[in-house]
Amino acid sequence: MSSSGVLDRIQALRRERGALILAHCYQPAGIQDIADRVGDSLDLSRAAASSPEPVIVFCGVRFMAETAHILAPGKTVLLPDPTAGCPLADSLDMGALRALQEMAGPSSLTVMYVNSPAEAKAASYACCTSANALQVVERAPSNRVVFAPDRNLGEFVSRSLEGRKELLIYQGCCTTHANADLDDLLSSKRDWPDAEVLVHPETPPAFWENADFVLGTGGMVRRIRESAAGRFLIGTERGMIHRLETLYPERSFRVVGSIFCPNMKKVTLEAIERSLATLSPAITLPAELRERALRAVRRMAETG
Ligand code: CIZ
């Protein structure tokens, strides 16, 4: 099957279905290239909610498609590969979360990273992404905040707050980012001593201490636009390099830490075609769970 045949069929189907194709910036290059919009989960969930198209093809992982469904229940949200999960979201244990919330006490509030199951979102005051985690925690009307499930992002927010709030941090992690290879970062810095170093807050603190900026992917895009540097070392999932090379073809980028997420590489052109042809697999949640999760997801979408 030739790639141009698949592309032509996708174009015809997307017109016929009135579909918007959204791709996360960790997706493979060929998927990013056909998307109507490429971005982080905050960007994409806002696009899913505000766009007029009745069908959303979400090229990402399950929690992203669920978030789009929570915000836009009247639309058909397709996840072309239903096995594309997020180990961080899937590992959250509701019993452990409730125990942490009980320990924090009734005056505390919970801020839930969007990489989480819908049930955890429903048990939270607000959701956040890495782009707005600090702002969401700062705005939460309590000085005691339970932060879940990513311990590195929680620690980063806690350090940034410099004692202004107390954070009780759930001890989960994105294994892809948490196991980032520090030696690779250090040797890349020796190879490109003039490069600006941007790393994601899901990486371990030793990464932040060797970086110029700690940013989510949206923040990386904005920082590069403002920076005078010509070369950048990027400490996040390697799909981000294609996104940056597309946006800034005159700059040079190298991924550091050997950060690779197999779940983010599951969507293929053939799966998108199949999804558009069959309008499946459509991601839905029980209506009462969706309604309970909506308040926290809205607070995320409205911040930053
Ligand atoms: O929030 C997202 O989209 C993720 C998973 C990473 C980032 O920093 O954008």
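Reader: How do the residues lining the second largest pocket divide by class?

Author: A pocket is an open set of points, on a 1 Å grid over the protein atoms alone, where a 1.4 Å probe fits, with protein on both sides within 12 Å along at least five of seven lines; lining residues have an atom within 4 Å of a point. Here the lining splits into six nonpolar, three polar and five charged residues (Ala, Val, Leu, Ile, Met, Phe, Trp, Tyr, Cys and Pro count as nonpolar, Asp, Glu, Lys and Arg as charged, the others, Gly among them, as polar). This is a predicted model, so to speak: local features need pLDDT of at least 70, side-chain atom pairs count only at pLDDT 80 or more, and totals for chains, interfaces and linings use all residues. Residues are numbered from 1 along each chain as its sequence is written, and side-chain values use heavy atoms, leaving out hydrogens and water.

Reader: Which residues lie nearest the centre of that pocket?

Author: Of its 14 lining residues, Asp40, Asp43, Thr217, Gly218 and Arg222 do.

Reader: And the largest pocket, how does its lining divide?

Author: That one has nine nonpolar, five polar and two charged residues. Ser130, Ala131, Asn132, Leu134 and Leu215 lie nearest its centre, out of 16 in the lining.

Reader: How far is an oxygen atom of the ligand from a side-chain N or O atom of Thr217?

Author: 2.4 Å. His24 has a polar side-chain atom 2.6 Å from a ligand oxygen, and His200 has one 2.6 Å from a ligand oxygen.

Notes: A polar contact is a pair of N or O atoms within 3.5 Å; within protein, one must be able to donate a hydrogen and the other to accept it, and residues adjacent in sequence count only if both atoms are side-chain atoms.
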